[in-house]
Amino acid sequence: MTDPALFGYLLRLGDDRLVLGHRLSEWCGHGPILEEDIAMTNLALDLIGHATMFLSLAGEVEGAGQDADALAYWRDEHAFRNLELCELPNGDFAFTMMRQFLFDAWSVPLLEALTRSAEPRLAAIAAKALKETRYHLRHSSEWICRLGDGTEESHRRAQEALDELWPWTGGLEYQDETDRALQARGIAPNPAELLSSWRGLTREVLTRATLLVPDGPMRMTGGRFGRHTEHLGHMLAEMQIVARSHPGAEW
Amino acid sequence: MVAQERVRTEAERRAFRVLELVKDPEVPVLSIVELGVVRDVKTGPAESVVTVTITPTYSGCPAMHVIEEEIVATLRRAGFAEVRIETVYAPAWTTDWIGERAREKLRGFGIAPPGSSADHLVQIAGRNAGLPSSQLPDLPTCPHCGSGDTVLISEFGATACKSLHSCRSCGQPFERFKTF
């Protein structure tokens, strides 16, 4: 492989969206109202589409003949590079929307920065994904305001979701030699610089939603180097079973 | 609308006309050329070998697979021996590429056409700041009665490209091709 750093970085971008997209797809047929059921499956489709683009490029960069499907279905848990935030089970609707909001608020400034990447194929995918992600952020922000500033129960659930999810946002600012190598080449942004956008955006929406921003540490970072919660393995077992039971099947 | 305007060979112009026959499976009044999905058509080295450059509408749109198969089948039927498809992501697809005639077709089909993407960015910024969408640009008009007094029911409709609305003047629900 000529560029292991870029390959690793693309896996992170692809895996975040594949895993979160799969989680959202689990809501299909279970949404609280029909419109929201459809909305969440739309978000899932977009995210899996973004994952396909990032993982296809990862396969190209790797040069070992793996396409997006091979990377999605034939890697085991420890080879996934997504944030733990994305793999946590759906919980209730407030938890799912809060997880979505915290991710979208990160994804928008990240993709904006990646449109200026020195790697043109990555910049093109980011520009494409950014348009849909802006829609996602608006959708999740509006739900956070509705839930937080809604009834006593919706407020309670939204606050509980935020408190539970907060420590998992630690992975957002995580960086290692992979990131630093790509930053030096102008390919990837410095996550520390994106964090202020994320903090500003989340603080503004959460305040409008009358929710209290936790002051505890954002500490979980294991997903970026393959150390996941116990939930990812179960999720992958379900996601990968058909492909692995019928290798090479087409329909 | 097509990205690169250059002098086309007779075979390329013919391939373009053939591609007008390939419709969006979700919105069958529009061809993939009108939608802006087809970015370029090139023949070569032989005249019967054609390469079609396309760009996806929505990243996860499942119709793209069907569209690719249709492109190959339709051009083969029209006598092109070999059809290759290349997918590009830049420039990212926008509904601004849908021309006025195609918008008229959408209205006739009962789907409100998209607005301008520049207006849409203003709406996103406004709504992110907590303003109600009724005070912001990029509002659809009802394709049934033409009224501008409409409400958004859901940003995510039956397909990735459409949102759901309702008209307060005539009381009809309608779909809109989202501004993108």
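A: Buried means under 20% relative accessible area, exposed means over 50%, and partly exposed lies in between. Keep those cut-offs at hand. The model here is predicted.

Q: Is A:Arg156 buried, exposed or partly exposed?

A: A:Arg156 has 40% relative accessibility, so the residue counts as partly exposed. A:Glu160, at 44%, is also partly exposed.

Q: How do the side chains of A:Glu160 and A:Arg156 meet?

A: General idea: side chains of opposite charge can pair when their charged atoms come close. In this case, A:Glu160 and A:Arg156 form a salt bridge, 3.2 Å from N to O. The two residues sit four apart in helix α7 (residues 152–165) of chain A, so about one helical turn separates them. Salt bridges with shared partners tie A:Asp92, A:Glu153, A:Arg156, A:Arg157 and A:Glu160 into one network.

Q: How many salt bridges are found over all chains?

A: The search of the whole structure gives 30. One of them joins A:Arg121 to A:Glu60, at 3.0 Å from N to O. A:Arg121 is partly exposed at 39%, whereas A:Glu60 is exposed at 52%.

Q: Which residue of chain B forms a salt bridge with A:Arg138?

A: The partner is B:Glu155, with the closest N and O atoms 2.8 Å apart. A:Arg138 lies in helix α6 of chain A and B:Glu155 in the loop between β5 (150–154) and β6 (162–167) of chain B, so the pair joins two chains. Both A:Arg138 and B:Glu155 are buried.

Q: Why does the span of helix α1 (residues 4–25) of chain A agree with its 22 residues?

A: Take 1.5 Å a residue: the 22 residues should span 32 Å, and the end C-alpha atoms are 31 Å apart, which agrees. Cover is a separate check: 20 of the 22 residues of α1(A) are buried.

Q: Which residues make the nonpolar surface patch?

A: A:Ile241, A:Val242 and A:Trp251 make a patch of about 420 Å². A:Trp251 is in the segment after α10 (230–245) of chain A. With a relative accessible area of 84%, A:Trp251 is exposed.

Q: Where in chain B is confidence lowest, and where highest?

A: General idea: where pLDDT is low, the predicted coordinates should not be read in detail. Chain B averages 91, and 97% of its residues score at least 70. Within chain B, helix α5 (residues 117–128) is lowest, at a mean of 85, and strand β2 (residues 49–54) is highest, at 97. The model scores ipTM 0.87 and pTM 0.93.

Definitions and conventions: Residues numbered from 1 in each chain as written. Chains lettered and ligands numbered in written order. Predicted model: local features only at pLDDT ≥ 70, side-chain atom pairs only at ≥ 80, totals over all residues. Heavy atoms only, no water. Expected span 1.5 Å × (residues − 1). Buried < 20%, exposed > 50% of the residue type's maximum accessible area, 1.4 Å probe, protein only. Patch = residues over 30% accessible without salt bridge, like charges linked within 9 Å, V, L, I, M, F, W, Y side chains within 5 Å. Areas by Shrake-Rupley, 256 points an atom, 1.4 Å probe, with all protein chains shown as cover. Salt bridge = Lys/Arg side-chain N within 4 Å of Asp/Glu carboxyl O. pLDDT = per-residue confidence, 0-100.
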